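Take a moment with the model before reading on. The paragraphs below walk through its ligand sites and some details of its backbone.

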Amino acid sequence: MKKLTIILFAMAAIISACNQDPDSTPVEYDDTPYILEYGTFPPPNSPVATMLTAQKIALGRMLFYEKKLSSNLTQACADCHRQEHAFTDTARFSVGAEGDLGGRQAMAIFNMAWHSNGFFWDGRAPELHDQATQPIQNPVEMNETIPSVVAKLSADQTYRDQFVRAFGDETITEPRLGEAMEQFMFTFISNDSKYDRFLAGSATLTASEERGRALFFAEYNEFFPNESGADCAHCHSTILFENDQYMNNGLDAEADFSDLGRFEETNNAADRAKFKVTSLRNIEMTRPYMHDGRFQTLEEVVDHYNDGIQQSSTLDPALNATTATGLMLDAQEKADLVAFLKTLTDQTYLNNPKFTSPF
Ligand code: HEC
Ligand code: HEC
């Protein structure tokens, strides 16, 4: 009997020592750094990426999954940004905490530390810590106020303790909320897709994926449209498959512009109907597509670029050049392009236990 008690006691001690739950660590300031592992990627653009701490990230993770950030305790960031969909929403327009509908499709979240030109479709948040507290206060999203969030979190001992570990005292402020969520989101790194393994020499592409890859990266030549590439990498470029710019990819003719995108932020006529060039990593998992979620499938997206580009004053010149004939992709080439896009799916990222709910 005595022996069993000792064994049980020893097991309990081991379990509590292994427990990653912030509750089990002492309630004192702890600035143990968190080193981002980004493999073959270039170093991140954001200086914040070198200043991460494990306790701020743990706090950001709690906040990301915290329904108290919404007015009626029904919605967390993670309800619109779902890990199995690369942290985006499958609804065309997300439903807010109070049932209201937003006007744009939610965006996927990964490799944020490499974005150096703003956040949201129109780039209205210059830095990720500015972005992170906006959904809380957006009436069609979480519809809450910062003072009310501070009151709710301050009433919770778990949060008071975690603010001490992360920041050194219990004070909850908007900048601290933003910083913690920014640090958590900076750890979302996706670079273990089949394509990454192919680049590293540990996976081979099928013949169709390989043809799709060639089309994706080859330039378009308007004098030989039938023989030239689809030039997707013109904009979805670098190892990140995005270019940190705002562009018009020909979704609408001038008269049909309804959302003016980047113009809403800059008031510059040259920015009318320009939107953030999103990354194509994990694109298979993030439908529907475009800022207004108008396309349900990758096949529809490829059809758009193949022969659906609409002309307007702000249409990107590279796409404008394709409008005379279209890309002239046949059915097989379209299927090849889609097959290549699917090699960008990263199961390691989609299932990474570090990004799941801490509750
Ligand atoms: C009701 C659904 C909803 C909720 C809740 C929500 N978001 Fe979003 N998120 C969106 C939509 C829609 C967009 C695009 C909005 C736009 O561009 O105007 C977006 C965009 C973003 C982006 C921009 C990504 C980029 O590449 O620029 C980030 C980051 C983000 N959200 C993080 C968060 C965080 C953190 C929270 C919680 C504090 C949160 N979201 C809560 C729907 C939601
Ligand atoms: C001139 C730059 C440009 C080129 C070339 C380009 N794109 Fe895009 N792409 C964009 C922009 C800008 C968006 C976002 C547009 C929006 O939502 O209003 C986008 C969005 C997308 C999306 C949806 C992303 C999402 O998060 O919903 C997919 C998929 C896509 N492009 C695939 C492709 C493919 C495949 C090609 C080649 C056939 C291609 N793109 C060529 C600029 C470009």
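Predicted model: local features only at pLDDT ≥ 70, side-chain atom pairs only at ≥ 80, totals over all residues.

Residues are numbered from 1 along each chain as its sequence is written, chains are lettered from A and ligands numbered from 1 in the order in which they are written, and side-chain values use heavy atoms, with hydrogens and water left out.

Start at ligand 1. Its shell holds 27 residues, where a residue counts if one of its heavy atoms lies within 4 Å of the ligand. Cys 77, Cys 80, His 81, Phe 120 and Trp 121 are the closest. By class, 17 are nonpolar, six polar and four charged. Here Ala, Val, Leu, Ile, Met, Phe, Trp, Tyr, Cys and Pro count as nonpolar, Asp, Glu, Lys and Arg as charged, and the others, Gly among them, as polar.

Which protein donor does the iron atom of ligand 1 have? The only one is His 81, through NE2, at 2.1 Å. Donors are N, O and S atoms within 2.8 Å of the metal (3.2 Å for Na, K and Ca); water is not among the atoms, so sites may look incomplete. His 81 sits in the loop between α3 and α4. Helices (H or I, at least four residues) and strands (E, at least two) are DSSP runs, numbered from the N terminus.

Three helices, α3 (77-80), α4 (128-132) and α8 (174-186), each give the shell of ligand 1 at least two residues. The largest share, three residues, is from α4.

Now look at polar contacts, pairs of N or O atoms within 3.5 Å; within protein, one must be able to donate a hydrogen and the other to accept it, and residues adjacent in sequence count only if both atoms are side-chain atoms. A polar backbone atom of Phe 120 is 2.7 Å from an oxygen atom of ligand 1. The side chain of Arg 124 puts a polar atom 3.0 Å from an oxygen atom of the ligand. For Gln 131, a polar side-chain atom lies 3.3 Å from a nitrogen atom of ligand 1.

Next comes a helix pair. Helix α2 (residues 54-64) packs with helix α7 (residues 157-167) at about 145 degrees, and the axes are 8 Å apart. Axes are lines fitted to C-alpha atoms, for helices over the stretch in contact, and angles run from 0 to 180 degrees between N-to-C directions. Contact means heavy atoms within 4.5 Å. In α2, the contact includes Leu 59 and Met 62; in α7, it includes Tyr 159 and Phe 163. The residues of this contact divide into eight nonpolar, three polar and two charged.

Move to ligand 2. It is surrounded by 22 residues, and the closest are Cys 232, Cys 235, His 236, His 291 and Tyr 305. The shell has 15 nonpolar, four polar and three charged residues. Both β2 (275-276) and α12 (298-307) supply at least two of its residues. An oxygen atom of ligand 2 is 2.6 Å from a side-chain N or O atom of His 291. A side-chain N or O atom of Tyr 305 lies 2.7 Å from a nitrogen atom of the ligand.

Finally, the backbone. A cis peptide bond joins Arg 287 and Pro 288, with omega about -5 degrees. Pro 288 is in the loop between β2 and α12.
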